[in-house]
Amino acid sequence: MIGTFWALVPPLVAIILALITKEVYSSLFIGIAIGGFFFAGGHPVDAMNHILNDGFITMLSDSGNVGIIIFLVLLGGMVCLLNKAGGSAAFGKWAMTHIKGRVGAQLVTILLGCIIFIDDYFNCLTVGSVMTPVARAHNVSRAKLAYLIDSTAAPICIIAPISSWAAAVTGFVDGEDGLSLFVNAIPYNFYALLTLVFMIGIVITKVDYGPMARDEREAIAEILTEKEETKDENLAKGKVIDLVLPIIILIIACVCGMVYTGGFFSGEDFVTAFANSNSSVGLVIGSSVSMVITIIYLLLRRVISFKDSMSCFVEGFNAMVPAILILTFAWTLKAMTDSLGAREFVSEIVASNAQSFAFLLPAIIFVIACFLGFSTGTSWGTFGILIPIVVSIFQGTDPQMMIISISACMAGAVCGDHCSPISDTTIMSSAGAQCDHVEHVSTQLPYALTVASISFVTYILAGIVKSAAICLPFGIVVVIALLLVIKKLNNKKATAA
């Protein structure tokens, strides 16, 4: 079973079960168990050993993974701290008077997500922390907020030259100027660019469909109850600055932490330091420093007691337990998939058939990257598998097709990661928006698949004309036209009802 299609069965089983049963923990564990039995040839003891030692223990011993967990806990504590101090409540009240309506709340979410393009993990949790009170104040559903956060995390990072994602992609390109290739591929990254157009389009036109439409109708119908009103003396003392200043400190501290790990303070220039940064360590350093500064600031403001500030660590950890559990299961499932040779299986298929794809190659690479990203829940792993193959195929023969195909690989990986229930960014988007994870996945899937379908057609066109100046406007026109058609259909349906 190693190195064959069976390597992709465990994650597919886990994903399908999660979508059917709406129960993510048992679904992931079943996928992990299947992977362990496949690897061990059906021997229960060997399978258990593989799952525990090579899966859970190895994944939780990985310094990068531990860093992400610590960052989650610290950010959970930060959110709890800002809530107890009244900063979130004050910001929500300010948003009611300064951000006009549901459209404004959603557009501000998109704008903030685009501004925080440095790292997807940081993006998900920071935007969620800031915009949750705003979304609640304007009756935007948690599912819609989670979708907007998720869609401005990886899709924005993958078109930002100064980001942890750009550094990862350039690291997979041997024998070429990786950063130059990344920049030249941006206009062809149709999924990321069209996702941005699609998000703005559905917000402005007020078009929703599928499960998301149901959630939005329920959110609009909700009336703010007493639980949203100020009940605590500390909350009454809270001001907007009590949320804004800690978030600004968090952003600055995390950026400094990331470039520190890349050697910026040892003489490296900013871009090089960012390319060499360890985002996991950098985010832990930044969030730790910002947490200490925030506690001191709020104590000096006398809006929270020292005892209450310390209790936020425990409460923040408790709030992040579901996300940490899902991440742990997802990492272990990925370990099972890797041990079964998924990388080698996909690499062999693409490399052996590449020459026969001709102009359809970008579209086919996009689909393969989507499938691989969806099955494994990782964009970076998909980059590592497919980008070296693409470079070896086109290096020195067709530079333009290499750029388009690399972009198709990046777009497909992000698309698959965006759709996958076992993706870390999908999990963190759910946590950031305080939304049920399976609810987030099921509501955003129709939207993501819509943009993916349009991107697929656009990549077919790109393989023929090889011009972003033609293909990108074509994709944008199709997105806008589709939204107008859906809006017309929704209006007809509402009139008939």
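**Entry 1**

I began in the loop between helix 7 (120–137) and helix 8 (142–151), where Asn-139 sits. This is a predicted model, so I am reading computed geometry throughout. Asn-139 is not a glycine, yet its phi is positive, at about 55°. Is Asn-139 buried or exposed? I looked it up: Asn-139 counts as buried, at 14% relative accessibility, since the cut-off for buried is under 20%.

**Entry 1: another positive phi**

I then went to the loop between helix 17 and helix 18 (306–339), which holds Arg-302. Arg-302 is a residue other than glycine, and its phi is positive too, near 60°. I checked its cover as well: Arg-302 has a relative accessible area of 66%, and it counts as exposed because the line for that is drawn at over 50%.

**Entry 2: helix 4 from end to end**

Next I walked along helix 4, which covers residues 63–84, 22 residues in total. How far does helix 4 reach from its first C-alpha to its last? I noted 31 Å, which is close to the 32 Å expected at 1.5 Å a residue.

At the N-terminal end I found a cap, Asp-62. One of its side-chain oxygens lies 3.0 Å from the backbone nitrogen of Asn-65. Past the other end, helix 4 is followed by Gly-86, with a positive phi near 90°.

**Entry 3: cysteines**

I looked for disulfides and the count came to zero.

Cys-80 is buried, with 11% relative accessible area. Cys-114 is partly exposed, and its value is 25%.

**Entry 4: a nonpolar patch on the surface**

Which residues form the nonpolar patch on the surface? My list reads Tyr-260, Phe-264, Phe-265, Phe-270, Val-271, Val-281, Ile-285, Val-289 and Ile-293. Together they have about 770 Å² of accessible area. Two elements give two or more residues to this patch: helix 16 (270–275) and helix 17 (279–301). Helix 17 gives the most, four residues.

I picked out Ile-285, which is found in helix 17. Ile-285 is partly exposed, with a relative accessible area of 32%. That is enough for a place in the patch, because patch residues need over 30%.

Last, I looked at two pairs. Leu-483 has its place in helix 25 (residues 468–496), and it is buried, with a relative accessible area of 3%. How many residues separate Leu-483 from Asp-208 in sequence? I found 275, while their C-alpha atoms are 9.2 Å apart in space.

Ile-464 counts as exposed, at 53% relative accessibility. From Ile-464 to Pro-362 I noted 102 residues in sequence and 10.0 Å in space, C-alpha to C-alpha.

Methods. Residues are numbered from 1 along each chain as its sequence is written. This is a predicted model: local features need pLDDT of at least 70, side-chain atom pairs count only at pLDDT 80 or more; totals for chains, interfaces and linings use all residues. Side-chain values use heavy atoms; hydrogens and water are left out. The expected span of a helix is 1.5 Å times one less than its number of residues. A polar contact is a pair of N or O atoms within 3.5 Å; within protein, one must be able to donate a hydrogen and the other to accept it, and residues adjacent in sequence count only if both atoms are side-chain atoms. A disulfide is a pair of cysteine sulfur atoms within 2.5 Å. Buried means under 20% relative accessible area, exposed over 50%, partly exposed in between (1.4 Å probe, protein chains only). Patches are made of residues with over 30% relative accessible area and no salt bridge: like charges are joined within 9 Å, nonpolar side chains (Val, Leu, Ile, Met, Phe, Trp, Tyr) within 5 Å. Accessible areas come from the Shrake-Rupley method with a 1.4 Å probe; for residues, only the protein chains shown count as cover. A salt bridge is a side-chain nitrogen of Lys or Arg within 4 Å of a carboxyl oxygen of Asp or Glu.
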